[in-house]
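Have the model open as you read.

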Amino acid sequence: MAELTPAMQTFILHWGEMGSTWGINRTVAQIYAMLYLAPEPLTADELSETLSIARSTVSTGLHELQSWGIVRVTHRLGDRREYFE
């Protein structure tokens, strides 16, 4: 993923703050915001690197978002990694 623009950073941070007021973990809300802004599906490693969040935290957040049915896993031919959208 390319570097985040200032507007993207603000959106992700604000979404995390809003998530906290709704009773959703701030990091989970930020992961969702990043996926919402991404033009194509991202791997957990890309999310971790872009958001500067531990890989294990990203994995936990993605599982939570999947359980709610708002994030899904996709795959690419010849690539064993999971992509999230």
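Leaving aside its neighbours within four places in sequence, which residues is Thr74 in contact with? They are Pro41, Arg81, Glu82, Tyr83 and Glu85, where contact means heavy atoms within 4.5 Å.

The model is predicted: local features need pLDDT of at least 70, side-chain atom pairs count only at pLDDT 80 or more, and totals for chains, interfaces and linings use all residues. Residues are numbered from 1 along each chain as its sequence is written, and side-chain values use heavy atoms, with hydrogens and water left out.

- Thr74 sits in strand β1 (residues 73–76); strands are DSSP runs of E with at least two residues, and helices are runs of H or I with at least four, numbered from the N terminus.
- Thr74 counts as buried because its relative accessibility is 16%, the cut-off being under 20% with a 1.4 Å probe and protein chains only.
- Strand β2 (residues 79–84) runs antiparallel to β1, joined by three bridges; pairing takes at least two DSSP bridges.

**Helices α3 and α4**

- Helix α3 (residues 44–51) packs on helix α4 (residues 55–67) at about 120°, with axes 9 Å apart; axes are lines fitted to C-alpha atoms over the stretch in contact, and angles run from 0 to 180 degrees between N-to-C directions.
- From α3, Ala44, Asp45, Leu47 and Ser48 make the contact, and from α4, Arg55, Val58 and Leu62.

Notes. Buried < 20%, exposed > 50% of the residue type's maximum accessible area, 1.4 Å probe, protein only.
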